[in-house]
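Welcome! Please take a look at the sequence and the structure below, and then let us walk through them together, one part at a time.

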Amino acid sequence: MRVYILRRLALTVPTILGASVLVFLILHLVPGDPAMVIAGPTAPADVVANIRAQLGLDQPVLVQYGRYLASALRGDLGRSILTRREVTSEIGGAFLNTVELVIAARIWSLLVAIPIGVVAAVMRRSAFDRLSMVTALLGLSLPIFWIGLMAIWLFAFKLGWFPISGRGGPLWTIAGLHHLVLPALTLGVIQVPALARLTRSSLLEALAQDYVRTARAKGLAEPFVVAKHALRNALLPVVTVVGLQFAGLLGGAVVTETIFSWPGLGRLAVTAILTRDFPVVQGTILISAVTFVTINLLVDLLYVVLDPRIKYS
Amino acid sequence: MADGSLPAASGPPRADAWRRLRRDGTSMAGAGCLLALVLVACLAPVLAPYDPIKVAMRERLQGPSARHLLGTDQFGRDILSRIMYGARISLAVGLIAVGIGLGVGATLGLVAGFSRRLDYPIVALMDVLLSFPQILLAIAIVAALGPGIFNAMIAVGIGAVPGFTRLARSSMLSIRERDYVESARALGATSARIVARHVLPNALAPLIVVATLSLAGAILAAAILSFLGLGAQPPMAEWGAMAADGRGFIAQHPHIATFPSLAIFVVVLASNLLGDGLRDALDPRLDE
């Protein structure tokens with residue numbers, strides 16, 4: 001198992017390196033002269049030259065990448081062209097805000113989806129099962145921005161229960177929690193259908209296993225059979241998907257943060273793209289990729305712990 | 001069999017699959033819906049009651065009425081007409097993006113599965129692409145190419161490549177070991193013939209299913225990019241961009257954002273239903 005873990009750890013290095021190449025290339029895929037694009041069409045030549053020198057664009061590409069990687073490893077992602085602040089300090093707070101939003105969305109979506117999936121599986125082919133699966137399919141097809149806009153319309157404008165947008169402060173304050181509800185609700189709701197469907201099909205499969213029949217034959221009560229024997233095994237694929245869905249959550253966070261003006265990584269990235277602030281664009285995308293790779297790594301390692309049946313060599 | 005070919009085996013015969021698909025009411029409803037949208041997209045200049053980009057400030061911010069069935073937006077443009085024209089953009093963007101993903105992805109996957117030398121570099125590249133959440137990868141590409149509907153289409157297409165590559169590669173790896181491929185090889189068939197005659201037909205079914213299901217994802221992703229201001233630019237009638245227009249008027253005029261969003265919902269749902277139906281029809285083992 002140790003060999004497996006070490007090998008899995010070693011595998012993330014080339015992936016992250018590859019991601020850094022891709023992020024580095026963003027600036028070089030810009031059609032035309034990136035310095036000119038950033039400065040604008042009417043900028044004087046010395047301003048363009050300044051930007052070119054600041055971004056190191058006057059060096060050979062390999063040298064540029066080497067420098068980019070070396071500074072990134074030291075935690076230096078350059079300076080924002082717009083605010084002149086260090087990219088790492090721009091990203092730091094935004095990253096934590098996104099984590100806050102994503103975890104809140106994750107928790108409530110699990111709390112809703114797993115019970116729905118379990119009940120749908122146990123009461124298979126009942127009206128509840130059909131209704132929940134149809135709702136899941138409908139929910140999967142709704143654009144997240146509309147869900148967010150409708151949440152604002154209903155809960156902020158019509159009912160006045162929650163603020164329209166922004167972050168109210170730290171999570172432990174009332175204002176902080178109050179502001180978190182609508183964005184987290186929006187981001188979480190798009191995860192519920194897939195999770196509920198997966199829990200249902202995974203539990204149905206587990207319920208058909210021999211050990212469940214044995215447990216029933218022993219005379220164990222049905223809730224006990226479901227909870228203790230079937231569900232524990234059924235949740236394994238759910239754990240994987242919970243990890244993989246972080247991709248969707250990070251993507252969804254971009255939209256949610258934009259709608260609710262939540263000061264997170266996604267909103268920072270979109271604003272930076274629209275203002276052509278490339279160092280910030282590169283920084284936000286690199287951090288997202290590294291986060292995502294790390295989460296996938298953790299999910300894989302968690303799998304080893306959760307399922308001793310799997311042999312890793 | 002003298003030419004070294006064997007009947008393409010495994011999987012249910014096509015006629016069976018077609019019959020199963022036709023009997024599946026929900027997926028036929030999905031197909032019907034998509035067909036209707038294609039018609040609306042093609043006939044938009046005839047069907048649309050108004051010019052989709054003509055500003056009419058006197059008519060602005062009207063709710064649904066007999067004159068404007070779905071109301072007007074903040075520039076007085078008829079929302080129904082814009083949705084009809086928007087169908088052209090959304091369908092084209094979805095189809096082209098999936099086309100890029102399928103074309104590039106399947107080719108890379110088949111090459112990776114067939115050539116031991118190219119397998120590792122291709123898989124490594126895909127792992128790197130997969131290290132970005134799909135929408136972020138698309139955003140990264142738009143960041144480089146610049147905002148615009150054409151670039152958004154390329155970005156969504158590239159984002160779909162890794163999925164198709166993985167699927168085509170794994171199909172290739174499993175089909176390569178089948179007895180009928182072995183027999184064809186023993187009979188002297190060339191690699192190209194084996195791929196064209198035995199591997200592709202058998203790898204096609206899962207690729208078609210995933211392509212149909214990806215259509216929904218691609219349309220949604222392109223709409224999201226436009227909503228964020230990174231895809232279609234004003235005054236283009238694109239559903240995601242139209243929903244973004246409605247954002248500032250959500251308190252008093254929620255219909256501006258709602259109708260284009262519902263159009264996205266219908267086309268995504270229809271593609272999902274058709275994709276699910278195709279999956280069940282082509283591979284009954286996957287049912288449940």
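**A guided walk through the model**

The peptide bond that joins B:Pro234 to B:Pro235 is cis, with an omega of about 5°. Chain A has a backbone feature of its own to look at: A:Arg84 is not a glycine, yet its phi is positive, at about 65°. You will find A:Arg84 in the loop between α4 and α5 (87-122) of chain A. Why pick out such places? Most residues other than glycine have a negative phi, and most peptide bonds are trans.

Keep in mind as you look around that this is a predicted model. For chain A the pLDDT averages 86, and 98% of the residues score at least 70. Among the elements of chain A, the highest mean pLDDT, 94, belongs to α7(A), while α2(A) has the lowest, 79.

Now step back to see chain A as a whole. It is built with 13 helices and 0 strands. Its C-alpha trace spans about 85 × 60 × 35 Å along the principal axes.

How is chain A divided into domains? The domain assignment gives domain 1 (2-73) and domain 2 (87-306). The C-alpha centres of these two domains of chain A are 32 Å apart. Where they touch, domain 1 of chain A contributes 15 residues and domain 2 of chain A contributes 13 residues. On the side of domain 1, α1 and α2 (34-39) of chain A each supply at least two residues. Which of the elements gives the most to that side? It is α1(A), with 11 residues. Sorted by class, this side of domain 1 has 11 nonpolar residues, 3 polar and 1 charged.

Stay with α1(A), and look at how it packs against helix α4 (residues 61-73) of chain A. The angle here is about 125°, and the axes are 11 Å apart. The two helices, α1(A) and α4(A), are therefore oblique to each other, and their crossing is right-handed. From α1(A), the residues A:Ser20, A:Val21, A:Phe24 and A:His28 meet A:Val61, A:Tyr65, A:Tyr68, A:Leu69 and A:Ala72 of α4(A). This contact of α1(A) with α4(A) has 7 nonpolar and 2 polar residues, and no charged ones.

Helix α6 (residues 134-145) of chain B and α9(B) cross at roughly 50°, and their axes come within 11 Å. That makes α6(B) oblique to α9(B). The crossing of α6(B) with α9(B) is right-handed. On the α6(B) side the contact is made by B:Gln134, B:Ile135, B:Ala138 and B:Val142, and on the α9(B) side by B:Ala221, B:Ile224 and B:Leu225. By class, 6 residues of this contact are nonpolar, 1 is polar and none is charged.

Finally, turn to the place where the two chains meet. How many residues does each chain bring to the contact? Chain A brings 38 residues and chain B brings 37 residues. On the side of chain A, at least two residues each come from α1 (2-29), α6 (127-141), α7 (144-158), α11 (222-259), α12 (265-274) and α13 (278-306). The side of chain A that touches chain B has 31 nonpolar and 7 polar residues, with no charged residues.

How values were computed: Residues are numbered from 1 along each chain as its sequence is written. Chains are lettered from A and ligands numbered from 1 in the order in which they are written. This is a predicted model: local features need pLDDT of at least 70, side-chain atom pairs count only at pLDDT 80 or more; totals for chains, interfaces and linings use all residues. Two residues are in contact if their C-beta atoms, placed from the backbone, lie within 7 Å. Helices (H or I, at least four residues) and strands (E, at least two) are DSSP runs, numbered from the N terminus. Ala, Val, Leu, Ile, Met, Phe, Trp, Tyr, Cys and Pro count as nonpolar, Asp, Glu, Lys and Arg as charged, and the others, Gly among them, as polar. Axes are lines fitted to C-alpha atoms, for helices over the stretch in contact, and angles run from 0 to 180 degrees between N-to-C directions. Angles under 35 degrees count as roughly parallel, over 145 as roughly antiparallel, 65 to 115 as roughly perpendicular and the rest as oblique. A crossing is left-handed if the near helix is turned anticlockwise from the far one by less than a right angle, and right-handed if clockwise. Domain bounds come from an automatic or database domain assignment. pLDDT is the predictor's confidence in each residue, from 0 to 100.
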